[in-house]
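Me: I would like to learn how to read the features of a structural model with care. Could we go through them one by one, with the general idea before the case?

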Amino acid sequence: MLSPNGPGRLLRSLLRTFVPAMIGLLIVALSDATARADKANAPIPASTLALMAARGTDAAAPIVVRAYKKESEIEVWKRNAAGRYVPIKTYPICRWSGQLGPKTKTGDRQTPEGFYTVAKSQMNPNSRYYLSFDVGYPNAYDRAHGSTGSAVMVHGVCSSMGCFAMTDAVAGELFSIAREAFSGGQRAFQFQSFPFRMTAANMARHRTDPNIAFWRQLKEGSDRFEATGEEPVVSVSGGRYVFAPSPDPAKEAAFVALHKDETDRIAALVEEGAAAVRTTYSDGGQHAFWAARIRQGFPVGDISRPEALAYAGQEVVLIPGRRRPPPPPSVPEAVWAAWIGRDSPSLAMRTADFVPPYEVGTDRFAARVARYAQTWTSLTRAAIEAEMPPHEFTLSQPSIEKVAQR
């Protein structure tokens with residue numbers, strides 16, 4: 001027969017067992033939530049705030065973020081008091097994956113290239129990779145070309161499957177900078193992703209790459225941003241990036257001039273014989289800064305495919321470089337005319353009694369005798385002056401003048 005107190009004792013036993021466990025789990029959960037909140041709300045480092053102040057801007061000002069895959073760098077630009085975006089800080093990328101070129105499908109491990117938009121809703125304080133934000137892939141351009149994929153992030157640690165992996169500390173600083181820009185009123189910031197720094201030299205070196213037509217579009221947007229200091233207004237038409245003109249005519253003229261200069265410079269480099277290369281990767285790359293720190297034992301979290309980094313950035317020469325011979329020196333007519341003129345310093349180097357042929361009298365025989373008298377050896381000249389013509393003296397033209405006039 002069961003004791004009437006049996007069920008009560010069982011319930012009390014269960015409560016003594018499970019209530020502390022539930023309280024412990026709740027405490028852990030609250031601690032985790034507090035830790036997440038702490039890292040998501042960490043302040044911008046004082047040194048970075050000082051850089052902003054030095055460039056005439058502050059934490060609340062709007063930002064533009066630019067990524068360069070080949071150089072493995074991300075830049076933060078901020079709008080200053082004059083309304084122009086200025087560079088604030090450059091961060092080394094610990095890991096990106098894939099090759100140079102755009103992302104086209106899910107699972108290709110490509111980090112995307114193009115112009116993307118990051119809204120506040122794309123910030124992820126609960127990321128499994130410390131902190132992160134979604135860059136906004138695929139955009140209108142990607143969708144127009146049938147590209148697939150999602151959740152391409154800038155995040156912590158050092159592992160990438162198509163993302164920009166920055167390590168925890170760097171990801172935290174980027175997160176705080178973006179957070180303060182949103183708090184300052186920016187609704188979304190532009191994320192510009194390029195295969196490399198869009199210089200004329202890089203464009204000439206990669207001119208035979210299958211992606212060069214796409215990269216020329218990115219080059220136009222990059223030139224526009226750097227010439228005007230304004231965030232490019234980007235749309236897509238006919239499967240191409242289209243950039244709206246600047247509302248400021250002076251800034252638009254600055255872009256037109258810069259873009260023409262860059263286009264002409266690319267053409268000149270090709271004409272001068274710049275090599276054409278294709279940069280290949282086993283699976284993405286890493287900034288040299290992080291490679292050195294990792295060798296020193298610095299912790300960066302998980303590193304994706306470390307063996308692939310040994311084969312990062314191999315350049316395959318498709319068209320060897322060649323040097324054009326330097327052009328012959330050209331001397332303006334005014335210069336060489338002065339050299340041979342009557343007031344030229346070279347007159348001091350001539351024979352004191354030299355008389356130019358054009359100043360000799362009209363008598364052909366006298367002119368030739370006078371010319372020979374001035375140029376023969378002193379012995380022959382003495383013979384002429386003593387009225388003792390040399391043996392077999394003739395009026396035939398000397399052989400040296402025949403050679404000179406051939």
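Me: Which helix gives the most to the lining of the largest cavity?

Reply: On a 1 Å grid over the protein atoms alone, a cavity is a set of points where a 1.4 Å probe fits but cannot get out, and lining residues have an atom within 4 Å of a point. Helices (H or I, at least four residues) and strands (E, at least two) are DSSP runs, numbered from the N terminus. Helix 4 gives the most here, with three residues, and both strand 1 (63-68) and helix 4 (168-183) supply at least two residues of the lining. This is a predicted model, in which local features need pLDDT of at least 70 and side-chain atom pairs count only at pLDDT 80 or more, whereas totals for chains, interfaces and linings use all residues. Residues are numbered from 1 along each chain as its sequence is written, and side-chain values use heavy atoms, with hydrogens and water left out.

Me: What is the volume of the largest cavity, and which residues line it?

Reply: Grid points are joined across faces, edges and corners, and a volume is the space filled by probe spheres set on the points. The structure holds one cavity of 30 Å³ or more, and the largest cavity has about 40 Å³ of space. Its lining consists of Ile 63, Val 65, Val 76, Phe 133, Leu 174, Ile 177 and Ala 178. For the classes, Ala, Val, Leu, Ile, Met, Phe, Trp, Tyr, Cys and Pro count as nonpolar, Asp, Glu, Lys and Arg as charged, and the others, Gly among them, as polar. By that division the lining has seven nonpolar, no polar and no charged residues.

Me: How should I read the pockets, and what is the volume of the largest pocket?

Reply: A pocket is an open set of points with protein on both sides within 12 Å along at least five of seven lines. The largest pocket has a volume of about 390 Å³ and is lined by 19 residues, of which Ser 150, Ala 151, Met 161, Gly 162 and Cys 163 lie nearest its centre. By class, that lining has six nonpolar, ten polar and three charged residues.
The second largest pocket, with a volume of about 230 Å³, is lined by 15 residues, and Met 203, Arg 216, Lys 219, Thr 263 and Ile 266 lie nearest its centre. Its lining divides into five nonpolar, three polar and seven charged residues, with the largest share, six residues, coming from helix 6.

Me: Which residues other than glycine have a positive phi, for instance near 55° or near 70°?

Reply: Most residues other than glycine have a negative phi, and most peptide bonds are trans. Ala 151 has a phi near 55° and is placed in the loop between helix 3 and strand 7 (153-155). Tyr 130, in the loop between strand 5 (123-124) and strand 6, has a phi near 70°. On the backbone there is also a cis peptide bond from Tyr 137 to Pro 138, with omega near 0°, and Pro 138 is found in the loop between strand 6 (132-134) and helix 3 (140-144).

Me: Is Val 152 buried or exposed?

Reply: Buried means under 20% relative accessible area, exposed over 50%, and partly exposed in between (1.4 Å probe, protein chains only). Val 152 counts as buried because its relative accessibility is 3%, whereas Ala 151, at 45%, is partly exposed. Contact means heavy atoms within 4.5 Å, and, not counting residues up to four places away in sequence, Val 152 touches residues including Lys 103, Phe 133, Tyr 137, Gly 162 and Cys 163. The C-alpha atoms of Val 152 and Pro 138, 14 residues apart along the chain, are separated by 8.8 Å.

Me: With which side chain does the side chain of His 287 make a polar contact?

Reply: A polar contact is a pair of N or O atoms within 3.5 Å; within protein, one must be able to donate a hydrogen and the other to accept it, and residues adjacent in sequence count only if both atoms are side-chain atoms. The side chain of His 287 makes such a contact with the side chain of Glu 73, at 3.2 Å. His 287 is buried, with a relative accessible area of 17%, and is found in the loop between strand 12 (276-280) and helix 8 (288-295).
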